[in-house]
Every structure is written in C-alpha cells, then in structure tokens.
Amino acid sequence: MIEVSLEVNGTARALRVEARTTLADALRERLGLTGTHLGCEQGACGACTVLLDGEPVRSCLLFAVQCAGHSVTTVEALASEGLLHPVQRAFHERHALQCGFCTPGFLTLLAGTLDRAVELGTTLEERDLAELVGANLCRCTGYRPILAAARQAAAEMGVWSAPG
Amino acid sequence: MKPQSFAYVATSTVEEAVRALGEAGEDAKVLAGGQSLVPMMNLRLARPSVLVDINPIADLAGVEVGPARLSLGALVRHRSLELGVSPGALGRLLREVAGHVAELPVRVRGSVGGSLAHADPAAEWCLVAVALGAEIELAGPGGRRSLGAEEFLEGPFSTALAADELVVAVHLPLRAGWAYGFAEHALTHGSFAQAGACVGLELLDGVVAGCRIAVMGTSGRAERVPAAEAAATGRPAEAAPDAAAEATRDALAPTGYGEVTSDYLRALAAATVRRATAAAATGTVEAR
C-alpha cells in the first residue's frame with residue numbers, strides 16, 4: 001500500500017491505496033464520491049472524466065498514486081455556494097440528459113474545457129464543440145440537446161464563437 | 001476490468017528511471033501518459049510487474065527551439081502541441097496534427113514520447129517523425145543515443161528500444177523555406193485513422209525543389225513513398241498534389257483486412273497524400 005496526499009474538491013485528503021487503484025476507484029470506493037461513473041474502463045466512453053489540475057482527464061486511465069500533490073475536481077464540486085455551474089444549468093434547461101449515466105462525464109468535460117477557454121481568452125466554434133462532446137459517449141440523447149446546452153453555456157461564459 | 005498488481009516506482013531523473021528499468025528486468029514498463037498502456041493493463045493485455053513512472057521528471061517536459069531543430073521532451077503532451085509550442089510552419093503542422101490525436105481528455109495526458117515508444121501503426125506522431133526525418137533520442141545504462149525515426153520504428157508496436165532504455169526526446173529538423181501538410185481519414189473524429197499522410201515541400205519560386213512524403217495505414221508502420229516524392233519534385237506547386245497522389249496509388253500494394261480492401265487503402269493513401277500535399281503547397285513556409 002502507498003500513502004497518497006492529494007487535494008480533492010478543494011480539501012486535502014490522504015489515502016492508502018494499492019498502486020493499481022485507479023483514480024476513479026479511489027474517488028468512488030475510498031472517498032464515496034460516486035458521481036464519477038465508470039463505464040468502459042478503457043478510456044473510450046468518458047463517463048469517468050474528472051478535472052486534474054483543472055484539465056479534463058479519464059480517471060480510469062490514471063492511477064491514484066500518480067495524483068500525489070495534484071488537485072482533482074469531480075462533478076460533486078462543479079456547483080459552488082448553491083449555484084450550479086453554467087454547464088450544469090444549461091444541461092437542466094436544455095434537457096441534455098435522459099438516463100443520466102454519462103452526464104457527470106459530460107459536465108466535467110465541458111466545464112473544464114470552457115473554464116480553460118475563459119482563462120486562455122479563446123473561443124469555441126460549432127465544430128470545436130461537436131468534436132469536444134464526441135470525446136464522450138451518450139447512448140440516449142443523440143447529442144443534439146447536449147450540443148444545445150454546450151452552446152448555451154459557452155455563450156453565457158463568453159467563449160462561444162457563433163457561426164456567420 | 002482492473003489491472004494486475006504491480007510495483008510502482010516514481011522517478012524524478014532520467015538516470016533514476018534507467019536504473020529502475022535495469023533493476024526491474026524484462027517485464028517492466030515505462031509509464032508516460034498512460035493513455036495506451038493503462039487501457040491495455042485494465043484489459044490485462046499488458047501485465048507489467050513493475051511500472052516506472054517518468055511523469056515527475058521535469059526535464060522531459062520541455063520544448064527547445066534551436067537554430068536547426070525543434071526538440072520536444074518525451075513528456076510533452078498532445079494538448080500542449082495543440083495549443084502551440086512554436087511559431088512557423090512546423091509549429092503550425094504540430095498544432096494541426098495534435099488536434100487529430102484521440103479526444104481532448106486523452107490529449108491532456110498522452111505524450112509524444114509515449115506515442116513513439118508505443119509505435120501504434122495509426123499513431124500520428126510516428127507518421128510525422130518519419131515524414132520529417134526526426135531523430136529519436138534514447139537514454140540507457142550506457143548513456144544517450146539517437147536513431148532516425150525509420151530506424152527506431154521497426155514495425156507495429158515494435159521499436160529499437162531496449163528493455164532498459166526510454167525515449168527522452170524527439171528532434172524535428174527546422175528547414176528554411178519548407179512548408180508542411182497533414183491529412184488523415186478516420187471513421188469518426190478522434191478514432192484511429194485508416195490512413196494518413198504527412199508531406200514536407202521545399203518551395204522555390206513556386207516550384208517544388210525538395211519533397212518528403214510519408215503515409216500510414218498501408219503497412220505496419222509509417223513509411224516514406226519515394227516514388228511520390230520523385231513525382232512531385234520539380235513540378236509547379238499546384239501540380240504537385242495530383243502527381244504525388246497518382247504516384248502513391250501506383251507505388252503501394254497494401255494488405256487489406258476485413259472489409260478494408262487493398263484497393264480501398266491505396267485510394268485512401270493517395271487521397272490523403274493529395275490533401276496533405278495541397279495543404280503544404282498553399283501553407284505557411286518556414287522562415288530562416
């Protein structure tokens with residue numbers, strides 16, 4: 001077992017884990033943060049996406065021991081002080097989920113990417129958003145409401161580059 | 001599924017990593033971005049007994065622009081290349097190519113050195129390395145050595161790396177007056193490409209004076225197409241794409257698989273060569 005100290009959702013946490021414990025399993029089974037879902041465990045579906053130092057990553061492809069000294073943000077911490085993140089609110093308003101299994105992964109993917117675009121001062125076009133949501137699998141919605149929510153959140157955050 | 005147990009060794013210098021690999025023996029693996037290795041471990045297709053983590057080695061994450069070459073540390077992430085690490089024609093090519101590597105969360109972690117060491121036949125960086133004539137720098141117990149990309153990449157998932165060596169950098173030549181282009185065909189954006197091409201053109205007064213063309217998807221590794229290079233050389237830039245594509249179609253005899261026939265792969269290779277050559281012919285030229 002290996003001692004790991006990391007920051008999860010703004011709080012310092014210390015864990016004893018096996019080297020083979022993925023970040024996803026550590027979050028779910030050791031910290032009770034079951035908002036992060038595990039679908040394929042081979043990096044294809046994106047359900048387990050979390051933010052590592054602010055950037056979206058697949059938590060099934062990262063060992064918890066690699067996260068020592070780093071900061072992890074899960075879907076549980078996207079809302080702050082009772083206010084939903086613009087991406088969460090857009091998902092709610094645009095009905096961008098049905099069964100909800102993939103939703104935490106889409107929320108962290110989009111929130112992380114749009115927050116970073118705000119920091120970098122860059123904008124995203126329709127094609128960028130389409131490629132971005134293509135990183136994760138949703139088997140219910142057909143993606144159109146997810147794209148509508150992504151556009152709405154990007155516009156609200158000032159990083160949407162509208163066509164024409 | 002979950003990976004088999006392994007011993008984890010975090011290293012903070014290249015020498016430490018080489019020593020750890022030497023002590024661990026044949027079934028140790030280097031952990032770089034882990035975006036190909038960890039899926040294989042989760043599926044238990046890979047069962048290393050020791051994992052040597054090189055992510056803490058700060059020296060491997062740097063980018064150096066020299067007078068004659070651009071050097072990328074092995075741990076430079078696809079995402080950094082996509083956001084841009086250097087100006088000019090080569091920097092533009094790297095940005096374009098990086099955007100085609102898998103999906104954004106994979107690009108955040110995945111590294112250029114890991115991609116070269118993994119040597120997937122559909123890996124964009126292997127194609128670029130062969131097309132540009134990159135040097136791959138390796139570190140081992142005897143010190144450093146460099147190999148040309150074509151010598152380094154021996155076949156599908158197979159390289160000249162010894163068990164106690166790791167990739168530390170890739171050096172890409174900066175050629176004044178050269179322009180670059182890239183194209184690939186994948187069934188969906190981010191999935192493994194069925195074929196792709198990377199092209200470098202030296203343009204003098206609108207005429208192709210020098211040319212390097214490589215394709216992937218037509219054999220187990222990225223390969224140059226000398227016939228296409230010869231066909232494009234000496235032609236006006238606007239005639240080069242068709243000439244290179246036609247020569248590619250005539251020169252290659254790829255082996256098909258399943259519904260992907262040899263003819264289909266030849267057509268794809270020719271089409272991507274045409275698109276990549278056209279992109280180079282109309283693109284930015286490397287300054288002096």
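1. Helices, in this note, are DSSP runs of H or I with at least four residues, numbered from the N terminus. The structure discussed here is a predicted model. In chain B, helix α7 is followed by B:Gly133, whose phi is positive, near 75 degrees.

2. Helix α7 of chain B spans residues 124-132 and is mostly covered, with nine of its nine residues buried. Its buried residues include B:Trp125, B:Leu127, B:Val128 and B:Leu132. B:Glu124 also belongs to the buried residues of α7(B), as does B:Cys126. An α-helix has 3.6 residues a turn, so residues three or four places apart point the same way.

3. The overall make-up of chain B comes next. Chain B contains 11 helices and 14 strands. Its C-alpha atoms fill a box of roughly 55 × 45 × 30 Å, taken along the principal axes. The radius of gyration of chain B is 19 Å, which agrees with the value near 19 Å that a compact globule of 288 residues would have.

4. Of the 288 residues in chain B, 54% are buried. Where contacts in chain B link residues at least 6 apart in sequence, 63% of them join residues at least 24 apart.

5. Strand β12 of chain B, residues 195-204, is mostly covered, and eight of its 10 residues are buried. On one side of the pairing scheme is strand β11 of chain B (residues 178-185), which runs antiparallel to β12(B) and is joined to it by eight bridges. Within this part of the chain, B:His185 stands opposite B:Ala195 in β12(B).

6. Strand β12(B) also pairs with strand β13 of chain B (residues 207-216); nine bridges join the two, which run antiparallel. B:Leu201 stands opposite B:Cys211 in β13(B). The strands β12(B) and β13(B) form a hairpin with two residues between them. In the turn of that hairpin, B:Asp205 has a positive phi of about 50 degrees.

7. Which elements of chain B each supply at least two residues of the side that touches chain A? The contact takes 24 residues from chain B and 24 residues from chain A. On the side of chain B, the elements that each supply at least two residues are β1 (7-10), α2 (37-42) and α5 (104-109). Helix α5(B) gives the most to this side, with five residues. By class, the residues of the side of chain B that touches chain A divide into 12 nonpolar, eight polar and four charged.

8. The domain assignment of chain A gives domain 1 (2-76) and domain 2 (86-156). Taken over C-alpha atoms, the centres of domain 1 of chain A and domain 2 of chain A are separated by 21 Å. The contact between these domains takes 14 residues from domain 1 of chain A and 14 residues from domain 2 of chain A.

9. Strands β3 (49-52) and β4 (55-58) of chain A each supply at least two residues of the side of domain 1 of chain A that touches domain 2 of chain A. The largest share of that side, three residues, comes from β3(A). The side of domain 1 of chain A that touches domain 2 of chain A has seven nonpolar, six polar and one charged residues.

Conventions
Residues numbered from 1 in each chain as written. Chains lettered and ligands numbered in written order. Predicted model: local features only at pLDDT ≥ 70, side-chain atom pairs only at ≥ 80, totals over all residues. Domains from an automatic or database assignment. Contact = placed C-beta atoms within 7 Å. Nonpolar A, V, L, I, M, F, W, Y, C, P; charged D, E, K, R; others polar. Buried ≥ 20, exposed ≤ 12 C-beta atoms within 10 Å, placed from the backbone. Pairing = 2+ DSSP bridges. Rg over C-alpha atoms; globule rule 2.2 N^0.38 Å.
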